[in-house]
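Have a look at the sequence and the model, then read on.

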Amino acid sequence: MIISTKKGTPQTELDSIVHNFEKQGLAVTLIRGTDYNVFGLVGDTTKIAEKDVLANPWVENVTRVSAPYKRANRLFHPADSIIDVGGVKIGGNAPFAIMAGPCSIEGEEQICRLAAEVQQGGATLLRGGAYKPRTSPYSFQGLGTEGILDMVKARQKTGMPIVSELMSEERIDEFEEYVDLVQIGARNMQNFQLLKAVGKMHKPILLKRGLANTIEEWIMSAEYIMAGGNEQVILCERGIRTFEKYTRNTLDLSAVPVIKEKTHLPVIVDPSHATGDWKLVESMALAAVAAGADGLEIEVHDDPPRAWSDGAQCLKPDKFADMVAKCKRVAAAVGRDM
Ligand code: PEP
Ligand code: MN
């Protein structure tokens, strides 16, 4: 971290700044100039907030030279993390992962039928929502525990690990017992209480990017989970809010190589929520494979107009299978197993 102080800062103030940082275990180098004095801080600056340093009226400028996250940082963990989700490995050189299934679980018969169909089409994990974060309180809110138990039946029949969204701490025991990959949705990406709580879980976490969050904020949320002791985090880019209205969100595919550069965590892409339109899902899925993502999360329904949520962005099972076949060709072209 580099700090410059204003012209005329009294010596007592400079001494107190040096003392304050040294007390926190940092090595401080002071470079004196005629107009400004510049401090270089070396050591673990993750606990120092730029805003707090700027609160001192003698401080002119603060520049962070190292990232504010540590556990997620590739600098301190150069090898790719590979996360084991109920026996399916995700990240590094593990085969490309495909999570697919309905937006909402609509009952045992539906989820078991769709599970078999998506598995046939190439999925390796089953997704389905039982606790739904809906914009309207009058929309279908999910089947809750009943839905989770329906999914467990689908896992018994297909052997596929299951992915589902956790919205509140109250359900942690249920998810710890039944769910293989615990999804934290876009709307809860900065629910810090929930992040701390899942940081104590023993199951891997799928952390979706918030609707209007920067990549750094997203990594800091992963850092929350990891700081709690749970290092099994997979990131999911699902589109961000922009001025564009044609699509539900704007898929920020550049986040994939940025995440790969900055962190060692696996990153997958959800083109369903990113576009909100089934017609756009395949092309964005192919682009995600080419961009180096570690997997995809895709919404699939066999009767989209009658889906209990997100029908407009659901692929039918045959279209999903076609998409996977094309993804395999792109994966082969970029040297990725699938
Ligand atoms: C979902 O995957 O069902 C979902 C609600 O996604 P997001 O949190 O990305 O909107
Ligand atoms: Mn959905």
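What distance separates the centres of domain 1 and domain 2, taken over C-alpha atoms? The answer is 43 Å. Domain 1 covers residues 2-63 and domain 2 covers 83-333, with bounds that come from an automatic or database domain assignment.

A word on ground rules. This is a predicted model, where local features need pLDDT of at least 70 and side-chain atom pairs count only at pLDDT 80 or more, while totals for chains, interfaces and linings use all residues. Residues are numbered from 1 along each chain as its sequence is written, chains are lettered from A and ligands numbered from 1 in the order in which they are written, and side-chain values use heavy atoms, with hydrogens and water left out.

**Helices side by side**

Let's start with the helix pairs. Helices here are DSSP runs (H or I, at least four residues), strands are runs of E with at least two, and both are numbered from the N terminus. The axes are lines fitted to C-alpha atoms, for helices over the stretch in contact, and the angles run from 0 to 180 degrees between N-to-C directions.

| Helix pair | Angle | Axis distance |
|---|---|---|
| α7 (residues 215-227) and α8 | about 50° | 11 Å |
| α3 and α4 | roughly 40° | within 8 Å |
| α10 (residues 278-291) and α11 | about 20° | 9 Å |

Take α7 and α8, packed at an angle of about 50°. That angle makes α7 oblique to α8; the cut-offs are under 35 degrees for roughly parallel, over 145 for roughly antiparallel, 65 to 115 for roughly perpendicular, and oblique for the rest. The crossing of α7 past α8 is right-handed. That word applies if the near helix is turned clockwise from the far one by less than a right angle, and left-handed if anticlockwise. On the α7 side, I215, W218 and I219 make the contact, and they meet A255, V258, I259 and K262 of α8. Contact, by the way, means heavy atoms within 4.5 Å.

Next come α10 and α11, with an angle of about 20° between them. These two helices are therefore roughly parallel to each other, and their crossing is right-handed. Among the residues making this contact are W278, V281 and L286 of α10, along with M323, C327 and V330 of α11.

The crossing of α3 and α4 is right-handed too. Their contact includes I111, C112 and A115 from α3 and M151, A154 and T158 from α4. Helix α3 (residues 108-121) also holds Q120, which counts as exposed because its relative accessibility is 71%. The scale runs like this: buried is under 20% relative accessible area, exposed is over 50%, and partly exposed is in between (1.4 Å probe, protein chains only). Q120 and R329 are 209 residues apart in sequence, and their C-alpha atoms are 18 Å apart in space.

**Aromatic pairs**

How many aromatic pairs does a search of the whole structure find? It finds three. One of them joins Y131 and F175, a tilted pair at 5.9 Å centre to centre with 45° between the planes. Rings of Phe, Tyr and Trp (its six-membered ring) pair if their centres lie within 6.5 Å, and planes under 30 degrees apart count as stacked, over 60 as edge-to-face and the rest as tilted. This pair links distant parts of the chain, since Y131 is in the loop between β8 (125-127) and α4 (145-158) and F175 is in helix α5 (residues 172-178), 44 residues apart. Both Y131 and F175 are buried.

Then there are F140 and W308, with ring centres 5.0 Å apart and planes at 85°, so this pair is edge-to-face. F140 is in the loop between β8 and α4, and W308 is in the loop between β14 (295-299) and α11 (317-333), 168 residues apart. F140 is partly exposed at 24%, and W308 is partly exposed at 40%.

Most residues other than glycine have a negative phi. D310 is partly exposed, with a relative accessible area of 22%.

Is H264 buried or exposed? H264 is buried, because its relative accessibility is 2%. H264 is found in the loop between α8 (255-262) and β13 (267-269). Leaving aside neighbours within four places in sequence, its contacts include R71, H77, D80 and M226.

Finally, N188 is in the loop between β10 (181-184) and α6 (192-198). N188 is buried at 13% relative accessibility. Not counting residues up to four places away in sequence, N188 touches E165, L166, M167, L194 and L195.
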